[in-house]
Amino acid sequence: MEDRPDPLCASPAYLLFETVRLARRTSARMFPGRPRLPHLLVLACVARHGPLSQRQVAERLRMDAGDLVGVVDALEAAGHVVRRRAPGDRRRYALDATEEGRLFLGACRDDRARLDDALFEPLSPDETRLLQDLLLRVLAHHDERFAAAPDEEPVRRDGADQRAGAGTVSGSTASS
């Protein structure tokens, strides 16, 4: 059998898939027992835009509403979000982040920076910035949430800002 390169390595989609798997493994190793990315995305969304109904959160994050229920249950049990009856419609609930949830989210941003440092260590800061720019361009082409200029603090490596105004659209964090 010849030793030929794997043809999947020529597929950017496959490489992204494997990078996500690497990020999950690395995050689980670096931050055992910490919530995964879906939990942190929901918490960040509610902290930034809340109070929101569960349907609004699902729509903003492009999450399945059924999957969201378990995520919200876990966040509520941890004391990071509260469900309250929506003032305009007592049949519905509104989600809001607690002060503990907001503090936890801030701590997770530090974790995200450490995870980014670990994952992208082989790249120079310029290469990391280029990768981020390219990924944002692809995402913005397919999803209007990524078309607006990000307004979160940039990911920091080596103690320096990566780029003025860089960041994630949804306030995502390290654990995935």
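Me: In which sense do β1 and β3 pair, and over how many bridges?

Reply: This is a predicted model, in which local features need pLDDT of at least 70 and side-chain atom pairs count only at pLDDT 80 or more, while totals for chains, interfaces and linings use all residues. Residues are numbered from 1 along each chain as its sequence is written, and side-chain values use heavy atoms, with hydrogens and water left out. Strands are DSSP runs of E with at least two residues, and helices are runs of H or I with at least four, numbered from the N terminus; two strands pair if DSSP finds at least two bridges between them. For β1 and β3 the pairing is antiparallel, over two bridges.

Me: What is the order of the strands in the open sheet?

Reply: The edge strands, each pairing on one side only, are β1 (52–53) and β2 (81–86). With antiparallel pairing, the three strands of the open sheet follow the order β1-β3-β2.

Me: Is T98 buried or exposed?

Reply: T98 is found in the loop between β3 (89–97) and α5 (99–119), and the side chain of T98 reaches the backbone oxygen of G79 at 2.5 Å. Buried means under 20% relative accessible area, exposed over 50%, and partly exposed in between (1.4 Å probe, protein chains only). Because its relative accessibility is 16%, T98 counts as buried.

Me: Which residue forms a salt bridge with R62?

Reply: A salt bridge is a side-chain nitrogen of Lys or Arg within 4 Å of a carboxyl oxygen of Asp or Glu, and the closest N and O atoms of R62 and its partner E144 are 2.9 Å apart. The pair links distant parts of the chain, 82 residues apart, with R62 in the loop between α3 (54–61) and α4 (65–77) and the partner in the loop between α6 and β4 (156–157).

Me: How far apart are the closest N and O atoms in the salt bridge of R129 with D126?

Reply: R129 and D126 are three residues apart in helix α6, so about one helical turn separates them. At 23% relative accessibility R129 counts as partly exposed, while D126, at 51%, is exposed. The closest N and O atoms of this salt bridge are apart by 2.0 Å.

Technical notes. Polar contact = N/O pair within 3.5 Å; in protein donor to acceptor, adjacent residues only side chain to side chain.
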